[in-house]
Amino acid sequence: MTTNGWLQISFYLVALLALAKPLGGYMARVYEGQPIWLDRLLGSVERAIYRLCGIREQNEMGWKEYGMATLLFSAAGFLFLYALQRLQGYLPLNPAGFGAVPPELAFNTATSFVTNTNWQAYGGETTMSYLTQMLGLTVQNFVSAATGMAVLVALIRGLARKSAETIGNFWVDLVRTTLYILLPLSVIFSLVLVSQGMVQTFSDYQKVKLLQPVSYDQPVSDASGQPVLDEKGQPKTEKVTVTEQVLALGPAASQVAIKQLGTNGGGFFNVNSAHPFENPTPFSNFLELLAILLIPAALCYTFGKMVGDTRQGWAILAAMTIVLVVFVWGAYWAESAGNPLIAKMGVDQTLSNVQPGGNMEGKEVRFGLANSVLWASATTAASNGSVNSMHDSYTPLGGLVPLFLMQFGEVIFGGVGSGLYGMLVFAIIAVFVAGLMVGRTPEYLGKKIEAYEMKMASLLILIMPIIVLGLTAVASVTATGRASIFNPGPHGFSEILYAYSSMGNNNGSAFAGFGANTPFYNLTGGVAMLVARFWWIIPTLALAGSLARKKAVPAGLGTLPTHTPLFIVLLIGTVVLVGALTFIPALALGPIVEQIVMIQGVHP
Amino acid sequence: MAHAKKHRLFDPTIIRQAVIESFKKLNPVHQLRNPVMFVVYVGSLLTTLLFAQALVGHGEAPAGFILQIALWLWFTVLFANFAEAMAEGRGKAQADALRKSRRELTAKKLPQPKYGLNFTLVAGGLLKKGDVVLVQTGDTIPADGDVIEGVASVDESAITGESAPVIRESGDRSAVTGGTRVISDWLVVRITTDPGETFLDRMISLVEGAKRQKTPNEIALNILLAALTVIFLLATVTLLPYSLYSVAAVKLGAPVTVTVLVALLVCLIPTTIGGLLSAIGIAGMDRMVQANVIAMSGRAVEAAGDVDVLLLDKTGTITLGNRQATEFIPAQGVSFDRLGDAAQLASLSDETPEGRSIVVLAKERYQLRERHIHELGATFIPFSAQTRMSGVNLDGRQIRKGAAEAIEAFVKERGGQFPPDVRAAVETVAKQGGTPLVVAEGVNVLGVIYLKDIIKGGIKERFAELRRMGIKTVMITGDNPLTAAAVAAESGVDDFLAQATPEAKLALIRKLQAGGRLVAMTGDGTNDAPALAQADVAVAMNTGTQAAKEAGNLVDLDSNPTKLIEVVSIGKQLLMTRGALTTFSIANDVAKYFAIIPAAFVTTYPALAVLNIMGLATPESAVLSAVIFNALVILALVPLALRGIRYLPIGAASLLKRHLWIYGVGGIIVPFVGIKLIDLLLVALHLA
Amino acid sequence: MTTHLRAAFVSLGLLTILTGVLYPLAVTGVAQLLLPRQANGSLIVKHGGPSDQPAGSALIGQPFDDPKYFWGRPSATGPFPYNAAASSGSNLGPTNDALTTAVKDRIAALKAADPDNTAPVPVDLVTASGSGLDPHISPAAADYQVRRVARARGLNEEAIRRLVEQQTEGRQFGFLGEPRVNVLLLNLALDAAR
């Protein structure tokens, strides 16, 4: 760890927290229907959409109707995206002539994008046509994010309203989110990113000359594509010399902006934001990082504003930030310590001003360690899932950080909207236990937390461990499941656990060596993503409906304040304890034991 | 029930019965009611089967080890049963005492609700609602009812534990309870309950916990505990495949045994709170009973902890029931003696406490000799609602005392004037919280008697305590606003409702509730019933009418209006005990992981021995120590569950901080120490 | 229900046009107009050269194993290193034997090209980058290679070192990122200096 590293991390956090208030306040105005200056520009577009869709702007919905609208919209998105993939061979804008995407993969991908996960089992440039990318994937980057934010706003209204039957209008929330929040921010971000060297073009891949031609051994295949073996039974190879480099290009900036802002994370290129065209400079890295947590952080302020007590929002944001900082520290420490197995070979892993040092496998020099671990932590704290370094190659403890952050249920910032509504559910649980400890029926923001709320909250915290632990168990004992493992030993177990933790929490990042594109993982993972997303949305809306109907209890001396450092500690404790108690045994058999083994040097 | 208080926390008879009950409760039907303990129960069965298998020779682990785990799991179940049985046992002891008073009775049934008619003897158990019975000296009242005729003194000690008899008559003191005995005179009583539903029946079933239903908060907590149990079940069950993978991956060691997994599961699930939860609930009701308050439902006990606003009747709660004369204020040109003399004369026949205090004041302060009205040949004019005055007619003198308006009317009728200085004095007295009584003789207004409300000792401190608890107090009084404000200021009450009518009370409660407040009140009269029914926590006085008792959800057998404060504390204790033990239970898991995880996988991954930070001797001793600790901690916390955590009025935040330190941080540390000690002991005893 | 069904499909269609068509087109238009160099891949165009083919991208690394060039980060792209059409990291875990073997081989290659160099090897020179296209190495990694390049080119070390210093980028705005050397630009500069 270096002073400069911490300076960069601190600068990032300061910038993030400084932007939370202005953006959060703006979003509160968007959701409360107050005038904003973009009205003049986009107001007519908004009204035209309502007219064409037959939406009555003023019609508020109860939670069931809101939930039905949410599900219908997501279902429509899913069907459209699935059909687009299956039919892309017959559709235009398919220069590479890709055929239909196989059904399980199409299912997995459609699920992945509709659930704001952006788990990519496919290789973008080798599977999807331009049309699929644009009309399917990019669109879902916007609307799946907007859906999450709409559900959050419904829950906030449930907390803010008193004795109310309705929690807003889903269509209005969806359209306003897209139009006034996601689109303008994406335009600004994408243009600044282009200025840093991010590509944004529809032209063909660019061929450039290699300064030094390179030759390599290529396996020889016969006509049927089977490798030809030599007399010793080894695959036969031939020498190939390459003199050109083909630069993959594309409209990356516009997609990267929304992939980060909407906590989507689906990369334009295979290695996501480690790719120089997808993340050219330290400044572009800073901006993308900022975009990961920007909306989740600002939504905390929006929440405080809408419930009429901004301290409540700051408290939640503080809890999230503290957990993030602790985990960044953990990852930074682990990666700085480097890999002792490599150190033994006379490799210098010291962090200094002339080299990034530490564990550099899978990391880029321009980012160094601080920016890599900060990204790894932020992308998994939020359910973003984009990467600027390869998590699979992290030291075991360094890799435990993103894994564990996902296993908290994606509530430390989390997905846009979904992270905060998840965190509010944890706040309700924290308040329940704490409320008991002060001798009062627990209440949060004046709303009494009773059996119904606990039922919904329990349903919510239950499901993630079930899918993550359950599917990991199935995969780790079946041959099909194990076949996808890339790294041997406990690390292989970590790969399976990481895959399901990522899909089961709608994150989308991966231990990328893992071969996820198999029917088994496409199907089980698709189900995991669907359950993780919609099992949360429905009870959350039910919670919103039930809370909205309640009277508000005015705060008194006997009321537990929920904006104090004590509550922040309590909230952190609840999230961490639930996550730790659920996943420590599994983690012990993956990264924890691997770290001990690595340090003890039991391995070669 | 006074004798119920005498039960020590660990009465040997109760313990003996509780031990027997613990085994009876092993019935699976009973276990199913508690999801957390049911998991332990199934685990015990499973390990017992594994032990049997090991005996036959196909054991997955040494039979001795499995046996010890199985035994301690059974102990865990038994300890939880014991806790519940202890709580129930204490209630039963009280119920038995009550039941003694419910011998089969013979009732004297009357054909008409009229005294003097011939009665027929019927069995008490056959009386229905609406029947009318006669109860005479020495008879036991056969069932709950309302007095419709007669006055009698009744011994209610069977219910209240209070030996002094109480007067029962029609009106506000009309309610009689089945099982109580008439000591003198007679009563005609209309029965108000059907057989098996009498107050006594309900009390017995309540204290026994037989019909105990889970309360809303308990249900909510149970849901959370069940969810945690499922999560831990999953975390444990999946360890088997994970272990299989690991063994295959490194080709070392053996997969984790089912015995160890069951042990881990039982250690992780919140058995501490799960095992003690029902005991805490029963004990909460029990504490109410010991405070001589009968909760008509567990819900009421819980709600008591949430009370934000207390409505208190001024008279009897904040002030002593009686006002006392403390000063004579003569009108201009009237001597003290003349006023004192007139006041005394007017009060000689007035047997009300106020009247007596005027005579006493005249005698003590103004050295006026007490005279006997009959010797003077005076005619006493009693107080009437129409005149709102009382007084005497003596030798042509018409002396009256009464409220200012009444006296003003009296003198004006006779052509007199109401002097302004007297009016001023009246206002001053009212402003100071006193009640002004004006004395007049004929057309002359003589002056004012200052009747003062006497604030009960220590009440101000109690209100301060309530304020620290976050509870607002509102005084209800029929006084005018000026007087009410003065009494409120002097007693330290937060707010008051003056000139209160039953409708005004009801309106106030509704207004407070609409603002989200939880309102508690006490009441006794029939006209209190609507307000009692509306209030969230309604404490009816046992001396009150049947209507009031029906409307209330708590009945205070002592009929002590300040009891509400205790009731609130008990409610809070109940919730706090649940919260604290939940926190403790979950916090314990940290140490248990450190004990069991390395032990379970050390054969596959020897490197995991690093996590054995407690330095436990062997994998077997580690698992066993954790299981034993888990069982013993239930037993160790039984007294706390029964007694409840003491409530300190220090504000929610401070209270939470305190409990987080004790039960959260403490809950993390204690098992490290406990498990290590048990491990040392096991090694010393060669048990592992 | 039917109103919601209509709203679901129509709003999806409208938002698709807005975010899936208009948005990327607008951004592309503005980017191509204002920032054409960056938007098209930051290509290095040799002025006056015989071929109109660019000499690479300033952002994408190229493979080097000739001792006279500075070597970049090991690349795990397939089938050949620095394949800019198929970015990839190695994804090797820290305790994977394949990783230690690969590092061992890379150290051996470095030593073989520069047998006298006894300095510890900077870690970025023997570990694969995340993208497989990392254009940079650390100043330490460049420094480690100065002697080898100088000898292979018959130039003095100081001249090479000066070139390296010229090609060394500091942290962006003085604090963001890490100091680094763009290998392709450095090697182009080396060739130009010849």
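This section describes the chain interfaces, domain divisions and selected local features of a predicted model.

Two pairs of chains touch in the predicted complex, and the pair formed by chains A and C has the most contacts. Chain B and chain C, by contrast, do not touch, and 13 Å separates their nearest C-alpha atoms.

At the interface of chains A and C, 118 residues of chain A and 104 residues of chain C take part in the contact. The two chains bury about 9,000 Å² between them, and carbon and sulfur atoms account for 67% of this area. On the side of chain A, the three residues that supply more of the area buried against chain C than any other three are A:Leu211, A:Gln212 and A:Glu361, with a share of 8%. Polar contact is found in 47 residue pairs between chain A and chain C, both residues of each pair being at pLDDT 80 or more. Among the elements of chain A, helix α7 (residues 170-195) gives the most to the side that touches chain C, contributing eleven residues. Classified by residue type, this side of chain A comprises 66 nonpolar, 39 polar and 13 charged residues.

One salt bridge is counted between chain A and chain C. It joins the side chains of A:Arg366 and C:Asp134, with an N to O distance of 3.8 Å.

The contact between chain A and chain B involves 59 residues of chain A and 65 residues of chain B. About 5,000 Å² is buried between these two chains, 77% of it on carbon and sulfur atoms. In chain A, the residues that lose the most area to chain B are A:Met437, A:Leu581 and A:Leu589, which together make up 15% of what that side buries. Ten residue pairs are in polar contact between chain A and chain B, both residues at pLDDT 80 or more. The elements of chain A that give two or more residues to this side are α14 (418-437), α15 (451-477), α17 (490-503) and α19 (565-600). Of the elements of chain A, α19(A) gives the most to the side that touches chain B, with 16 residues. By class, the side of chain A facing chain B in this contact has 41 nonpolar, twelve polar and six charged residues.

One salt bridge is also found across the interface of chain A and chain B. The partners are A:Arg440 and B:Asp308, whose closest N and O atoms are 3.0 Å apart.

Chain A is divided into domain 1, which covers 32-203 + 250-292, and domain 2, which covers 206-247. The C-alpha centres of these two domains of chain A are separated by 40 Å. In chain C, the assignment gives domain 1 (2-37) and domain 2 (43-193). The corresponding centres in chain C lie 41 Å apart.

Chain C contains an open sheet of three strands in the order β2-β4-β3, with antiparallel pairing. Strands β2 (136-137) and β3 (168-169) of chain C each have a single partner strand and stand at the edges, so one side of each is left without a neighbour in the sheet. Strand β2(C) pairs with strand β4 of chain C (residues 180-182) in the antiparallel sense over two bridges. In this pairing, C:His136 stands opposite C:Asn182 of β4(C).

Two local backbone features were also identified. Most residues other than glycine have a negative phi, and most peptide bonds are trans. The peptide bond from C:Gly78 to C:Pro79 is cis, with omega near -5 degrees. C:Pro79 is located in the loop between α2 (36-39) and α3 (97-113) of chain C. In chain A, A:Asn118 is a residue other than glycine with a positive phi, near 60 degrees. A:Asn118 lies in the loop between α4 (103-114) and α5 (124-127) of chain A.

Notes:
Residues numbered from 1 in each chain as written. Chains lettered and ligands numbered in written order. Predicted model: local features only at pLDDT ≥ 70, side-chain atom pairs only at ≥ 80, totals over all residues. Heavy atoms only, no water. Contact = heavy atoms within 4.5 Å. Buried area = accessible area lost by both parts, 1.4 Å probe. Salt bridge = Lys/Arg side-chain N within 4 Å of Asp/Glu carboxyl O. Polar contact = N/O pair within 3.5 Å; in protein donor to acceptor, adjacent residues only side chain to side chain. Helix = DSSP H or I, 4+ residues; strand = E, 2+ residues; numbered from the N terminus. Nonpolar A, V, L, I, M, F, W, Y, C, P; charged D, E, K, R; others polar. Domains from an automatic or database assignment. Pairing = 2+ DSSP bridges.
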